[in-house]
Amino acid sequence: MVETLSRLGLAFAVISPGSRSSPLTLAFAKHPQIETIPILDERSAAFFALGLSKSRKIPVAIVCTSGTAAANFLPAIIEAQQSKIPLLVLTADRPAQLRDSHAGQTINQTHLYGHYPNWYMELASASSNFDLLKYLRQITIQAWERTLFPNAGVVHLNIPLDEPLARLLDPNTQKIQQEYDFDEFFSHIRSYKAEYFSNFPDVSPNFWEKIYGSKSGLIIVGNHSPNLDLDYCRSIAYLSQMWQYPILADCLNPLRHHANLNPHLITTYDLILRKEKLNKPDLVIQIGELPISKQLRLWLKLQDPMRFIVDPFSDNFDPLHGKTIHLRLSVEQLAKSLKNQDLTLFKTNHQPRLNYLNNWLEQEEILSQRISRKMENIENMVEGKIAWLLSETLPDHTSIFIANSMSVRYAEFFWRKNSKNYAIFCNRGANGIDGTLSTALGIAHRAHNTVLLSGDLALLHDSNGFLVKQHWQGKLTIILINNQGGGIFNTLPIAQEKEFEKYFATGQNVDFSKLSYFHDIEYHYIENWSDLIETINNHNHSSIRLLEIATNRQADASWLKQAMITLTED
């Protein structure tokens, strides 16, 4: 943590004495590039650090032990936040198991400073584990950035530390030191200060150097608001075409529905990464969040390429804790900045980049054709076909809300790219099923035709949303996949447990025709694919209608497992 802070630009640490903070104190005191200043009184120490930061215009770290020592930092924290002075507050804490048990010098330090910090985080418990070192590196970078951006101020990291607190020889730690190259581990971290952010939307020279030197690269885009003008899609297409990078686009991103703008668009990447052992890219440009695909995330974690994350918000968009640098600007600003570059420099590695791109495009063509052939031959009602069929048959400009759990995952696997200008929505902030119906009704209120694709549990969880009907205007078609329970759990190892049906699948036998009647909702039971196509394209319907498709959750899970095998076989 201290080494990461030093490379980021930390020059001063103000330390108040205490036992619980010993590991932090020693780490700062032993670092040759950081001036460590001990001050007995925490209140005085915090204001001293405030003065340092005011004069030097860089974040200063303050460290204290657990208990009321941390409370004495509050006056200076309030002043720093009000004055927009960057301070990094590191409070040592007892481990969580000692809270609320009258352990000495233990208080509840979570969110101790209320709303004053720009950001608060309690760190995971320390252990000799390389993945936790990656996590700590990422959190430290994030904390440093948030002292500076979008407004300078305070960041509070609460750090539980268990005994022993003195330095001891640990075989696991020695093993990590021997097995990993720590120069490479810290290689992507660069020093920047408050001025770094004030120059945006300019992009640092380091970014362009990496782009010029890359022989292979990817653009990865996650879910994004569909209410974007075409500049967003055109900007990504421009970057892709200039760099010869393929674009891996989440099913919830508008790029999938403006395919005519993106000849380098890849939508079958989840299957490609199961099928092909593709080489590690030199560079990844991640725009916003990562896509839903677990397969993509596992591949990125394994390959661990350098990633630039492009997004104007201050959030940490790297749950993998990789070698990432956040560029706090929009993709439109990045595309504009590219136009000011010497484009001849991109010709240096043109052919290797083109070869890498063509490899992805070739696999995309193969998998897309296989998916289409497989779906066209399915006659029985299988959930996996529904998302594919909707992407083929819904009218242009349809607004579509996709529920979480299996609905959105099938869309990620099989939703075809098109140029139909769909607007696709999903509650992917916390990824819950709560509020599914009400959210879709809100989207559809006083709007054109809207479709909700939902499983039975997601709809039942929010069935009281129908009560808004008397105050609601619009047209909403609900495509209900009724597999009598939580289908996503059938794809998980927990499905083998004898308690599965009762406690996980939570099977239900609700008669949705009666539920629809109760709420005065138009109801249709869909028996085959032609019936579904005909019904969804008949727009002469009442304000809300429910189209029920019955599937078998065990059969769906088996079908998906087998499909992933057959689609990726050579």
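Strand β13 (residues 399-402) pairs with β14 in the parallel sense, over three bridges. Within this pairing, Ile400 of β13 has Ile424 of β14 as its bridge partner. Both isoleucines are also among the contacts of Trp415, a residue of the largest nonpolar core. The model is predicted.

**Sheet**
- Strands β13 and β14 belong to an open sheet of six strands, in the order β14-β13-β15-β16-β18-β17, with parallel pairing.
- At the edges stand β14 (423-425) and β17 (522-526), each of which pairs on one side only.
- On average, and with direction ignored, neighbouring strands of the sheet are turned by 20° against each other.

**Helices across the sheet**
- Helix α16 (residues 383-393) lies across β15 (450-455), β16 (476-482) and β18 (544-550).
- The angle between α16 and β16 is about 155°.
- Helix α18 (residues 436-444) lies across β13, β14, β15, β16 and β18.
- Relative to β15, α18 runs at about 175°.

**Nonpolar cores**
- The largest nonpolar core holds 60 residues, of which Trp299, Trp360, Phe414, Trp415 and Trp559 touch the most other members.
- Helix α17 (residues 406-414) supplies six residues, the largest share of this core.
- Apart from this core lies another, of 32 residues, including Ile34, Leu90, Leu157 and Ile189.
- Leaving aside neighbours within four places in sequence, Trp415 is in contact with Cys251, Arg256, His257, Ala387, Leu390, Ser391, Ile400, Ile402, Tyr410, Tyr422 and Ile424.

**Helix α17**
- Eight of the nine residues of α17 are buried, so the helix is largely enclosed by the rest of the structure.
- The buried residues are Met406, Ser407, Val408, Tyr410, Ala411, Glu412, Phe413 and Phe414.
- Tyr410, buried in α17, is also one of the contacts of Trp415.

**Cavities**
- The structure holds two cavities of 30 Å³ or more.
- The second largest cavity has about 30 Å³ of space.
- Its lining consists of Glu383, Met406, Tyr410, Gly487, Asn490, Thr491, Arg553, Asp556 and Ala557.
- The elements that give two or more residues to this lining are α17 and α23 (553-567).
- Helix α23 gives the most, with three residues.
- Met406 and Tyr410, both buried residues of α17, are among the lining residues of the second largest cavity.

Note on methods
Residues are numbered from 1 along each chain as its sequence is written. This is a predicted model: local features need pLDDT of at least 70, side-chain atom pairs count only at pLDDT 80 or more; totals for chains, interfaces and linings use all residues. Side-chain values use heavy atoms; hydrogens and water are left out. A nonpolar core is a set of buried Ala, Val, Leu, Ile, Met, Phe, Trp, Tyr and Cys residues joined through side-chain atoms within 4.5 Å. Buried means under 20% relative accessible area, exposed over 50%, partly exposed in between (1.4 Å probe, protein chains only). Helices (H or I, at least four residues) and strands (E, at least two) are DSSP runs, numbered from the N terminus. Contact means heavy atoms within 4.5 Å. Two strands pair if DSSP finds at least two bridges between them. Axes are lines fitted to C-alpha atoms, for helices over the stretch in contact, and angles run from 0 to 180 degrees between N-to-C directions. On a 1 Å grid over the protein atoms alone, a cavity is a set of points where a 1.4 Å probe fits but cannot get out, and a pocket is an open set with protein on both sides within 12 Å along at least five of seven lines; lining residues have an atom within 4 Å of a point. Grid points are joined across faces, edges and corners, and a volume is the space filled by probe spheres set on the points.
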